[in-house]
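This report describes a structure for a reader new to the subject. Look at the sequence and the model, then read on.

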Amino acid sequence: MDNKYFHSVILQEDRCIGCTSCLKVCPTEAIRLRDGKARIIGEKCIDCGECIRICPNHAKSAIADNYLDIIKKFKYTIAIPSLVLYGQFPSKTSIAQMLSAVKNLGFDEVYEATTGSEAITTVIANHILNKKHEKPLINSSCPAILRLIQIRFPDLLPNIIDIETPIEVTARIAKHEVSKRLGLDIKDIGVIFISPCTARVTSIRNPIGIERSYVDGVVSMKAVFGEILRNLGGSCKEQLVRSNSSSILWPIIGGQSRALGIENYLAVDGISEVIKVLEEIEMDKLDGLEFFEGVACLGGCVGGPLTIENSFISRNRIRTLAKSLPPAEYSKEYIDNSIKMYEDGLIRLTCEIEPRSIMRLDNDITKSIKKMEMIKEILKYLPGLDCGVCGAPTCKAFAEDIVRGENPRSVCLVKTMENFRNKKRN
Amino acid sequence: MEFMKYTFDVEKDDFVRAGEASSNIKRTLRELGIDSAIVRRIAIATYEAEMNIVIHSVGGQVELEIDPNSIKVTARDRGPGIPNIELAMQEGYSTASEKVREMGFGAGMGLPNMKKCTDRFTVESVYGEGTTITMEILLKAGD
């Protein structure tokens with residue numbers, strides 16, 4: 001597999017009718033229509049899944065793993081369902097029921113993702129907030145936002161909190177605990193994540209900020225929903241629930257900020273709104289802001305492209321479940337231990353997150369200026385309708401593609417029609 | 001030598017479009033491959049200048065000029081002009097009313113901020129005619 005351009009978002013060609021819907025919603029202008037089919041430009045795609053959501057023909061989807069294949073590879077297997085799962089079933093379903101239904105898919109054990117969100121909350125609140133840091137702190141939990149910042153806001157990279165995501169932290173803690181408890185080699189323990197998120201699928205294979213993920217396979221929540229649903233009736237007496245009333249709210253927008261107890265925070269969901277607010281932060285306009293929680297999907301992870309339930313409904317269900325859980329209380333020992341895991345690098349982002357300047361026209365400024373002039377010239381002859389019929393999302397992108405030499409055969413249909421009409425008139 | 005120029009109109013009291021010129025300039029510079037720290041400095045300075053035109057003037061223009069050695073932004077308005085430039089350059093000096101300042105605007109940091117963000121900064125003003133602010137950032141080879 002070519003790791004450099006691995007993406008979870010893919011196109012099923014036979015379903016694509018070349019309708020331009022996805023061109024318009026892509027926040028990084030990473031899609032072009034070529035020969036009547038949508039093509040994703042690998043280096044621009046941030047795997048946000050907006051195109052999957054909008055496609056009326058369901059031609060866009062995400063590749064994920066088949067968990068049955070992965071289970072076979074390990075002596076002991078652990079499933080980590082995203083907390084979003086808790087919102088996918090009717091309100092009467094208890095967390096214990098859902099967890100045992102997941103376990104009965106064939107896993108040896110289930111770990112709740114709150115294992116991670118609790119450790120992270122503890123480290124940020126008791127340690128990172130006290131350290132000197134670029135403000136506002138930016139959450140590292142949304143991989144699509146991290147990739148967006150790499151591309152569009154490289155100056156804000158130092159603001160990102162250098163802590164792993166709840167899933168990664170949970171996987172790490174789970175493997176170490178199980179290895180100790182059962183005397184197993186870490187290599188023999190397999191962790192499978194049940195994901196609502198396309199960007200997470202990508203970032204587990206092709207991580208940002210760490211060398212290698214502890215997650216061994218990712219399953220789409222959509223794909224296993226039916227099987228979990230059928231398993232719901234089974235016994236769940238032995239299943240323990242560790243979540244507390246605030247750690248469970250992480251997949252809902254604002255959940256992280258509230259768990260951290262920060263007063264001056266901004267929680268923004270939806271990638272276009274996140275872009276707008278990051279612009280303001282980049283311009284130093286939000287003085288005194290402590291924490292920025294930005295999530296690509298509407299409503300938070302509950303709005304992920306690989307979910308079944310509507311995000312508002314699942315948000316409400318998770319909130320209801322939270323009411324039945326005990327409040328967050330962390331012992332001194334737990335706090336110290338979490339900080340130690342962070343300091344030791346077990347749950348920290350130990351690799352630098354590099355900027356990716358894919359927007360630049362050329363590495364040489366003189367050539368860049370020349371190309372920009374050409375784009376400006378070409379734009380004068382284009383209608384400026386941004387209709388997308390040529391295959392590029394905007395007239396400007398069309399001109400850029402020509403100047404970059406990426407689309408020598410491109411034609412503006414609107415302009416051609418206009419010329420044709422003028423000729424006829426004369 | 002390669003050279004480019006862009007002009008953006010800025011209207012009095014048009015708060016809906018305020019910030020468009022600096023946004024466009026930011027995007028253009030990023031596409032040219034200018035170092036992101038420099039892009040940020042220019043964008044902040046341009047935004048301050050743009051807002052000054054929206055709030056204080058009767059309208060004007062922001063102009064961006066780029067060549068491989070420098071980026072120059074000129075903010076020009078059609079009046080009324082600044083009566084006392086020296087005073088206006090002082091940090092904290094503001095003509096905004098107490099009420100406006102209480103809301104968090106008009107901190108009197110606009111011009112000093114522009115100066116801080118750029119390598120060359122001049123402000124010329126004729127009271128009754130208008131103000132021209134020129135700001136320049138020099139590009140090192142390789143940026």
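How far apart are the mean positions of the positive and negative charges of chain B?

## Charges and surface of chain B

The model is predicted. In chain B, the mean position of the 17 positive charges and that of the 23 negative charges are 3 Å apart.

## Fold of chain B

Chain B contains five helices and five strands. Read from the N terminus, their order is β-α-α-β-β-α-α-α-β-β. The radius of gyration of chain B is 15 Å, close to the 15 Å given by the globule rule for 143 residues, so chain B is as compact as a globular protein of that length.

The C-alpha trace of chain B spans about 45 × 30 × 25 Å along its principal axes. Of the 143 residues in chain B, 49% are buried. Taking contacts in chain B between residues at least 6 apart in sequence, 61% join residues at least 24 apart.

In soluble globular proteins, nonpolar side chains tend to be buried together. The largest nonpolar core here has 69 residues, and Tyr86(A), Ile228(A) and Ile248(A) have the most contacts inside it. Helix α7 of chain A, residues 166-182, gives the largest share of this core, with six residues. Apart from this core lies another, of 50 residues, including Ala392(A), Leu29(B), Ile44(B) and Ile137(B).

Beyond its neighbours within four places in sequence, Ile248(A) is in contact with several residues, among them Leu83(A), Tyr86(A), Ile95(A), Ile318(A) and Leu325(A).

Key: Residues numbered from 1 in each chain as written. Chains lettered and ligands numbered in written order. Predicted model: local features only at pLDDT ≥ 70, side-chain atom pairs only at ≥ 80, totals over all residues. Heavy atoms only, no water. Helix = DSSP H or I, 4+ residues; strand = E, 2+ residues; numbered from the N terminus. Rg over C-alpha atoms; globule rule 2.2 N^0.38 Å. Buried < 20%, exposed > 50% of the residue type's maximum accessible area, 1.4 Å probe, protein only. Contact = heavy atoms within 4.5 Å. Lys, Arg positive; Asp, Glu negative; His and termini not counted. Charge placed at Lys NZ, Arg CZ, Asp CG, Glu CD. Core = buried A, V, L, I, M, F, W, Y, C linked by side-chain atoms within 4.5 Å.
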